[in-house]
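Here are my notes on this structure, point by point. Please read them with the model open.

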Amino acid sequence: LREAALLRLLAQREQLRMEISDFEQTYRSNFSTFEQHIHSQKNSEDFAVEEDLMDWEFALKSLEAVNGKLTTLLATS
């Protein structure tokens, strides 16, 4: 059961890393810089970009959570 959980978490981590990498390549930026750029723009809204920003943030937070679970799982072995 532990090994199955480990494999699932490793797969999730890899998928999230790829998703984050795709955003970084698309916008040629890291999340923090891109977020500052988007929030500094006045009178300009691009809903697709805003949605990408939210998805990117969610992927980063999910990656943190997965890494935390992996750390816990590996520490209990």
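1. Buried means under 20% relative accessible area, exposed over 50%, and partly exposed in between (1.4 Å probe, protein chains only). At 21% relative accessibility, Y27 therefore counts as partly exposed. W56 is buried at 0%.

2. This is a predicted model: local features need pLDDT of at least 70, side-chain atom pairs count only at pLDDT 80 or more, and totals for chains, interfaces and linings use all residues. Residues are numbered from 1 along each chain as its sequence is written, and side-chain values use heavy atoms, with hydrogens and water left out.

3. A search of the whole structure finds 5 aromatic pairs (Phe, Tyr and Trp rings, the six-membered one for Trp, with centres within 6.5 Å; stacked under 30 degrees between planes, edge-to-face over 60, tilted for the rest). F23 and W56 are stacked, because their ring centres are 5.5 Å apart and their planes stand at 15°. The two sit 33 residues apart, F23 in helix α1 and W56 in helix α3. Helices are DSSP runs (H or I, at least four residues), numbered from the N terminus. Both F23 and W56 are buried.

4. Y27 also stacks on W56, with centres 6.2 Å apart and planes at 20°. Y27 lies in α1 and W56 in α3, so this pair ties together parts 29 residues apart in sequence. F23, Y27, F31, F34 and W56 form one aromatic cluster.

5. How many salt bridges are there (Lys or Arg side-chain nitrogen within 4 Å of an Asp or Glu carboxyl oxygen)? The count is 1. K61 and E57 form a salt bridge at 3.5 Å, N to O. They are 4 residues apart in helix α3 (residues 47–75), about one helical turn. K61 is exposed at 52%, and E57 is partly exposed at 29%.
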